[in-house]
Amino acid sequence: MAIANNALPRRGTTPTLTIMTDIDVSEFEYCEVTFVARQPAKSYPPETAVVLTKTAPYVVCVRKSIIVTLTQEDTLQLGENNPDIDATIEFQVRARDHTGSALASNIMLLTLGRILKGGVI
């Protein structure tokens with residue numbers, strides 16, 4: 001799986017991510033995409049993480065593409081650990097097909113760009 005376009009999503013925006021697959025995903029009965037932004041621990045306390053999971057209607061499976069729409073609140077939340085730098089976001093697709101088989105993609109990476117002024121517009 002891979003992200004279709006190389007446009008850098010930014011904090012506070014509403015990106016639509018297209019994840020290309022090599023299988024037909026249109027018959028998935030359930031599909032979710034989980035995003036994790038980690039803040040490494042410099043000392044104590046331990047590492048913190050922001051976890052965001054999107055499902056329908058924000059996740060749509062069409063042919064060999066999984067289309068995920070994020071809200072301004074989503075991208076602001078994912079970038080809240082390090083608002084002054086571009087954030088590396090891990091994400092993974094998990095799904096269940098019509099036979100009941102559960103699938104999970106490899107963990108992939110996405111860069112979330114910083115913005116000068118935060119908040120929802």
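Mentor: A definition to start with: helices (H or I, at least four residues) and strands (E, at least two) are DSSP runs, numbered from the N terminus. This is a predicted model, where local features need pLDDT of at least 70, side-chain atom pairs count only at pLDDT 80 or more, and totals for chains, interfaces and linings use all residues. Residues are numbered from 1 along each chain as its sequence is written, and side-chain values use heavy atoms, with hydrogens and water left out.

Trainee: Thanks! Where does Val120 lie, then?
Mentor: Val120 is in the segment after strand S9 (108–112).

Trainee: And which residues is Val120 in contact with, leaving aside its neighbours in sequence?
Mentor: Beyond four places in sequence, Val120 is in contact with Gln72, Glu73 and Leu76; contact means heavy atoms within 4.5 Å. Glu73 is 47 residues away along the chain, yet its C-alpha atom is 6.9 Å from that of Val120.

Trainee: How accessible is Val120?
Mentor: Val120 has 49% relative accessibility, so it counts as partly exposed. The classes are buried (under 20% relative accessible area), exposed (over 50%) and partly exposed in between, with a 1.4 Å probe and protein chains only.

Trainee: New topic: cysteines. How many disulfides does the count come to?
Mentor: The count comes to zero, a disulfide being a pair of cysteine sulfur atoms within 2.5 Å.

Trainee: Is Cys31 buried or exposed?
Mentor: Cys31 counts as buried, at 8% relative accessibility.

Trainee: Which loop holds His98?
Mentor: His98 is in the loop between strand S7 (87–96) and strand S8 (102–104). His98 is exposed, with a relative accessible area of 52%. Setting aside residues up to four places away in sequence, it touches Glu27 and Glu29. The C-alpha atoms of His98 and Phe28 are separated by 6.2 Å, although the two residues are 70 apart along the chain.

Trainee: What about the backbone: which peptide bond is cis?
Mentor: The one from Ala56 to Pro57 is cis, with omega near 5°. Pro57 is in the loop between strand S4 (48–54) and strand S5 (59–62).

Trainee: And what is phi of Arg63?
Mentor: Phi of Arg63 is near 50°, a positive value in a residue other than glycine. Arg63 lies in the loop between S5 and strand S6 (65–69), and it is exposed, with a relative accessible area of 62%.

Trainee: One more: what sits over the ring of Tyr58?
Mentor: The charged end of Lys54 does, 3.8 Å from the ring centre. For that label, NZ of Lys or CZ of Arg must be within 6 Å of the ring centre and within 35 degrees of the ring normal.
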